[in-house]
Amino acid sequence: MPERWSADELKTLLQIVPRLPGTQDGVGDYALNLAQALARQFNTETIFAVPHATAKQVGAFAVRSFDLSDASGAGLAQDCEDVLLHYVNYGYHVRGVPRRLPGFLQTLRQNSGLRMSVIFHELFAEVRAPWRSAFWLKPLQIRIAREIAALADVCFVSGEVMAGQLQRITQPARISIHPVMSNFGEPVLSTGDFATRDPHRWVICGGTALVARSVRSFAARLGEIPEVFSPRELFVLGGRADDSIQADLARLRGLKVKYFPEIEASEASRILSSCSFGWLDYFHETRALVGAVLKSTAFAAYCAHGVIPVFPHAGSSIQVRQDRMPGPFSVGESEQDLPSEAGRAQVAQSLYDWYQRNASSQHLAATVHSAMGQPA
């Protein structure tokens, strides 16, 4: 078993990710942002392990390739002090059942003698439709998540909803709750930045499917938004260029629309920092617990920029460790719940402050670094 590092030594973390970071993959970008924060704050080096990777480097970070069919994982964790797995079941298998992954991780731990933490970006598919394969594969997905959690010294989850799901399927050694962070930057903002924003400037951001769903519901609710905040300008950021999204946006009348698919994070951050409200149709089903939105990088991006998220359905409060955020705010078919005109800037400030306390890359890096410092 390797000796533990001291506080002034360079530490090396092996981050296992399903796809190469820096390729507009949400989990990969999350891991890359974490690696940068760890390097900046704690002088911690990251090596990325990616299935069947061809690249040897991502920015300043080395990349190692592995194959789940090679159960030994020989040399993968060489010169590392800790292992961090980013788990999203569909990332490692097209149907969300990476059956080889638990055995691969167990062997890796045995051969290296290292601690292992897991960030659960997803546990299993939440599907109630029996005509979809995920409905029938869910028991297997749960079993795999249980096996992986049992191998971990620390399990990181995005919120209390996922923590409850994990506790219902297993009893992991330790659960740490940390909402996902923004992949579109974390600007330093002041109270004046929120007060001077145009209350009629809205934004939609996310991956292709989320953007498409949000654009459709935004169009359906547009007439229900109160005049004091009625959209006059809409920015649509992220995802792949999509003709159906473009067509839906072309049908919006009475507001200026700007569509930026595959936008650079720095440019997205600049636009987000000028917007007052962000529309988010995150849930496939209205019965979903709104607290599960803490695993959404789009929601995180809104909060990191002091943009007020607005949902098409009302929901219960969102909190982490009894630290409740304002809202949630919504515009439904027949009712709306938005902040007052006078209170808008203060709500934006409160959302921004909540993000800094609970979800920022700086906060996550400190949490992961603390987990690395525990005895092996």
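The note moves from the basis of the model to its sheet, a helix, a pocket and some backbone details.

1. Basis of the model. This is a predicted model, in which local features need pLDDT of at least 70 and side-chain atom pairs count only at pLDDT 80 or more, while totals for chains, interfaces and linings use all residues. Residues are numbered from 1 along each chain as its sequence is written, and side-chain values use heavy atoms, with hydrogens and water left out.

2. Overall content. The chain holds 12 helices and 17 strands; helices (H or I, at least four residues) and strands (E, at least two) are DSSP runs numbered from the N terminus. Of the 376 residues in the chain, 55% are buried. Here buried means under 20% relative accessible area, exposed means over 50%, and partly exposed lies in between, for a 1.4 Å probe and protein chains only. Among contacts with a separation of 6 or more, 71% involve residues 24 or more positions apart, a contact being heavy atoms within 4.5 Å.

3. An open sheet is formed by 8 strands in the order 3-4-2-1-5-6-7-8, with mixed pairing. The edges are taken by strand 3 (57-58) and strand 8 (175-177), each with a single partner strand, so one side of each has no neighbour in the sheet. Two strands are taken to pair if DSSP finds at least two bridges between them.

4. Neighbours within the sheet. Strand 1 (residues 11-16) runs parallel to strand 2, joined to it by 6 bridges; Ile-16 has Ala-49 of strand 2 as its bridge partner. Strand 1 also pairs with strand 5 in the parallel sense, over 4 bridges, and there Leu-13 is partnered by Asp-82. Strand 5 in turn pairs in the parallel sense with strand 6 (residues 115-120) over 6 bridges.

5. Burial of strand 5. Because 6 of the 6 residues of strand 5 (residues 82-87) are buried, this strand is largely enclosed by the rest of the structure. In a regular strand, side chains alternate between the two faces of the sheet. In strand 5 both faces are covered: Asp-82, Leu-84 and His-86 are buried on one side, and Val-83, Leu-85 and Tyr-87 on the other.

6. Ser-117. This residue lies in strand 6, where Ser-117 stands opposite Leu-84. Ser-117 is buried, with a relative accessible area of 8%. Leaving aside residues up to four places away in sequence, Ser-117 touches Val-83, Leu-84, Leu-85, Val-154, Phe-156 and Ala-371.

7. Helix 7. The 14 residues of helix 7 (residues 208-221) should span 20 Å at 1.5 Å a residue, and the end C-alpha atoms are 20 Å apart, which agrees; the expected span is 1.5 Å times one less than the number of residues. The buried residues of helix 7 include Leu-210, Val-211, Val-215 and Phe-218, together with Arg-213 and Arg-221. Their cover includes strand 9 (201-205), strand 10 (233-237), helix 8 (243-250) and helix 10 (297-304).

8. The second largest pocket. Which residues lie closest to the centre of the second largest pocket? This pocket has about 260 Å³ of space, and of its 16 lining residues the closest to the centre are Arg-40, Gly-185, Glu-186, Ser-361 and Gln-362. Helix 1 (26-42), helix 11 (344-358) and helix 12 (361-372) each supply at least two lining residues, and helix 1 gives the most, with 3. A pocket is an open set of points on a 1 Å grid over the protein atoms alone, where a 1.4 Å probe fits, with protein on both sides within 12 Å along at least five of seven lines; lining residues have an atom within 4 Å of a point. Grid points are joined across faces, edges and corners, and the volume is the space filled by probe spheres set on the points.

9. Backbone details. Most residues other than glycine have a negative phi, and most peptide bonds are trans. Asn-43, which is not a glycine, has a positive phi of about 55 degrees; Asn-43 lies in the loop between helix 1 and strand 2 (44-51) and counts as partly exposed at 44% relative accessibility. Gln-322, also not a glycine, has a positive phi of about 65 degrees and is exposed, with a relative accessible area of 73%. The peptide bond from Gly-327 to Pro-328 is cis, with omega near 5 degrees, and Pro-328 lies in the loop between strand 15 (323-324) and strand 16.
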